[in-house]
Amino acid sequence: MRRFHLLLVLLLTSSLTASLYAQFNIKNRMGEELLNPWAGGLDACQFGRMDLDGDGKKDLLVFDRRGNRLLTYLNKGSQGEIYYDLAPQYVSFFPVFNEWVIFTDYDGDGFEDIFTYSQGWAGIKVYRHLGTYPPDFELVVTPYLTSFQGGGYVNILATNADYPALYDVDQDGDLDLLSFWSLGTFIELHTNRSMELYGHADSLVYERTDFCWGRVAENEETNEMYLDTCLFKQSSLAAGRTNRHRGATFGVKDLNNDGLPELMLADVDYPGITMFTNGGTVDQALMIHQDTAFPSNSTPVRLFSMPLPYFTDINNDGLSDMLVSPFDPNYEVTENVNNVWLYLNEGTENEPDFRLVQKDFLQEEMLDFGSGAYPLLADLDGDGSNDLLVGNWGTYQFSWYVGGTLFSRQQSHLSYFKGFSTESTDVFQLENSNYGNLFSKNLRGLYPAAGDLNGDGLTDLLVGNELGTVIYLQQQANGIFWEAAESFMQIDVGSYSAPQLFDLDRDGILDLIVGKKDGTISFYAGSETTIGIIFNLVTDYLGEVNVTDFNLSYDGFSTPKFFRTAEDETLLLVGSEQGKLYLFEDIDDNLEGAFQASGRFEELFGFPAAQSDRGMRTAVEVLPPDDKGIHPLIVGNYSGGLEFFNGTAEVLPGFMSPDNLHELRLSPNPTSNKVIIEIPSRLQQPLSVEVFTLSGELIRQYRMDMETPVFEIDLTGFNPGVYLLRLNHPEAVFFGKIIKL
């Protein structure tokens, strides 16, 4: 019995070891660069199709509600092929969207128009495509779309948490609209009367014709749905409530070739999609069956939270496939990695068979760190080339419910890309997705700054975080760090510290500048001592800078980056919560005064200030100027990705292939107290060994030298159980399992 139990443990730990590999993003893509590394990341996406360049192919539009970012891709695929080329030059032809958008041809001219959330009006505004290449649009409905109901035309209520559906329900050639009733759990049908009144589809004249479309109702407290239920049963469902919980997404498509649209519905705080089979008629929909694990013939959708389905032909075979991504407006609960699921249609157009083929559509070819991306360029390994280090707000781990409320764990980490140059370009190659071993701290918002703080010639790190403190990581050698202080010099700026090390006062000593959640900047002057640089607070309101937009928020999330121009002038570029990059001048010899907002954005960065809104919670790295005085920029945003302006570099996602993953030789194993690690003889440099729990929590780290080929770990004090070991080396990673008796 004991032997069987031990075998079971080993099998389980094999699976968990594989999970640990995945947790740290070790990919088998040796030497294969990302196609669109600087696309900017994806978090909570909606999709559309539109011919952007007039070649007759429908190109791909991706709208990420995190920061209201639009990405445009040209369709370069042949029949049956998926090939989309990022084409950001088309973004400027579109209006600005907020929260959600639907691309659909309402007037039947062959060009997709735009329905989008009307911010401030809880309604829908509409843009008409003018039939040009590149596209041009005319705002034809503002501030909101109306429908005849209750004796007059009133606003069709649309919130930022509900995604309506536009579909020709009555099959007369114009687009009708489905949305939830504002005070209940029922679906309203707003019928478009354009064809009846004018004989064409280019008008948007709506009338509410059904307050309980499909005779289906949603429970007001959960995602439970009821069939053959209408208004007269509301009291039994509402249980005394007068307002339903906000948040639902609609998908509408005929799935069984009977000419009637099925309904796909997802609910806020829940990961699945329910499909309702329509057994009614064109004039009177009736949902007769619900599939709560859609698509049940394949891998069901399970994406926290509130997944939104979109049906379109992705692989150019003439059949509608399905894309799914989270829609939840709460940016703290949604899955933010592997969250664009692609299902290809292996059936027919009206009897589709959706099969999951990919969970990271488009994301696989870009840098995407979950939510938030805080870039830093520094020579961390001392080889003379700048490396790329990226912090993030958090990477999704798991979700749970407390009293019916959804919570999700997001944990931050640092990703290290070694930098080197070839004859044609600069290259960054992923080597470590848990640089400094900070993942186990269960923090959010890890934000790195680099500089030699103890005078040993090695680059050290200061890392800000959500607590407002600063972690000090001191480099020992060759990129191996140990934590010298969890709360460096007791610095505390409140919350979300964003540090920079920079000689601001020009005294030859690094100073510490810290952005923070309230939008202001703190300044700590550096002074040299026998033990290294110490920092003393000068002001919590440096330059009287505050990047908070009080019309939208009480927070600013300032991320300062001081830099010097080719003329040695000190300037400041600051990222912000709302995404705008702020530029300040009048800094030299004015550290006690107010910095001035600068209008030199295009002169310094090559694009106008109007294009400096890069999403949400931006952070920036400023590179030295080129021969024209233009500074390249790397800009991170809350979608978890990076953009590179006025420059580029190839990115290799990681050198760890199965050949680089090796088993450690451990003895005795199982053991009651000590275990011996046999060190491979070729690893002739200082190494680190980490011990993890099965859940991936780092609980112990050891540093070793290479004087002997073995290393002993004392397990005294460890609880009985199974632990994972990882030995880190630049050319390989070694894993092992310890069973503590």
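## Close-up views of a predicted model

View 1. Strand β38, which covers residues 521–529, is joined by seven bridges to β39, and the two run antiparallel. Within this pairing, Glu-528 has Ile-533 of β39 as its bridge partner. The structure shown here and in the other views is a predicted model. The two strands belong to an open sheet of four strands, whose order is β36-β37-β38-β39 and whose pairing is antiparallel. At the edges stand β36 (498–502) and β39 (532–539), and because each has a single partner strand, one side of each is left without a neighbour in the sheet. On average, and with direction ignored, neighbouring strands of this sheet are turned by 25 degrees against each other. Strands of a sheet pair through backbone hydrogen bonds, and this can happen in a parallel or an antiparallel way.

**View 2. Strand β45 is covered on both faces.** In a regular strand the side chains alternate between the two faces of the sheet. In strand β45 (residues 633–636), Leu-633 and Val-635 lie on one side and Ile-634 and Gly-636 on the other, and all of them are buried. Strand β44, made of residues 619–622, pairs with β45 in the antiparallel sense over four bridges, and here Glu-621 stands opposite Ile-634. The pairing of β45 with strand β46 (residues 642–645) is likewise antiparallel and has four bridges, with Leu-633 standing opposite Phe-645. β45 and β46 form a hairpin that has five residues between the strands, and Gly-640 in the turn has a positive phi of about 95 degrees.

**View 3. Phe-115 sits in the largest nonpolar core.** This core has 21 residues, and those with the most contacts inside it are Trp-100, Phe-115, Ile-124, Val-126, Leu-145 and Leu-204. The elements that give two or more residues to the core are β6 (113–118) and β7 (123–129). When residues up to four places away in sequence are not counted, Phe-115 touches a list of residues that includes Trp-100, Ile-124, Val-126, Leu-145 and Leu-204. Lys-125, Thr-104 and Tyr-106 are also among the residues that Phe-115 touches. In soluble globular proteins, nonpolar side chains tend to be buried together.

**View 4. His-129 is a buried residue of strand β7.** His-129 has its place in strand β7, and because its relative accessible area is 0%, it is buried. The side chain of His-129 reaches the backbone nitrogen of Gly-131 at 2.8 Å. With residues up to four places away in sequence left out, the residues that His-129 touches include Met-50, Asp-109, Phe-111, Glu-112 and Asp-113, and also Pro-135, Asp-136 and Phe-137. In the loop between β7 and β8 (137–141) one finds Pro-134, and the peptide bond that leads from Tyr-133 to Pro-134 is cis, with omega near -10 degrees.

**View 5. Cys-212 and Cys-230 form a disulfide.** The structure holds one disulfide, formed by Cys-212 and Cys-230, whose sulfur atoms are 2.2 Å apart. Cys-212 lies in the loop between β15 (206–210) and β16 (216–218), while Cys-230 lies in the loop between β17 (225–227) and α3 (234–238), so the pair ties together parts that are 18 residues apart in sequence. The torsion about the S-S bond of Cys-212 and Cys-230 is about -130 degrees, and the disulfide is therefore left-handed. Both Cys-212 and Cys-230 are buried. A disulfide is a covalent bond between the sulfur atoms of two cysteines.

**View 6. Several loops hold backbone details worth a separate look.** The peptide bond from Phe-294 to Pro-295 is cis, with omega near -10 degrees, and Pro-295 is found in the loop between β21 (287–291) and β22 (307–312). Glu-99, which lies in the loop between β4 (84–86) and β5 (101–104), has a phi near 75 degrees, which is a positive value in a residue other than glycine. Leu-362, in the loop between β25 (354–358) and β26 (374–378), also has a positive phi, near 70 degrees. Because buried means under 20% relative accessible area, Leu-362 counts as buried at 11% relative accessibility.

Terms used
Residues are numbered from 1 along each chain as its sequence is written. This is a predicted model: local features need pLDDT of at least 70, side-chain atom pairs count only at pLDDT 80 or more; totals for chains, interfaces and linings use all residues. Side-chain values use heavy atoms; hydrogens and water are left out. A nonpolar core is a set of buried Ala, Val, Leu, Ile, Met, Phe, Trp, Tyr and Cys residues joined through side-chain atoms within 4.5 Å. Buried means under 20% relative accessible area, exposed over 50%, partly exposed in between (1.4 Å probe, protein chains only). Contact means heavy atoms within 4.5 Å. A disulfide is a pair of cysteine sulfur atoms within 2.5 Å. Two strands pair if DSSP finds at least two bridges between them. Axes are lines fitted to C-alpha atoms, for helices over the stretch in contact, and angles run from 0 to 180 degrees between N-to-C directions. A polar contact is a pair of N or O atoms within 3.5 Å; within protein, one must be able to donate a hydrogen and the other to accept it, and residues adjacent in sequence count only if both atoms are side-chain atoms.
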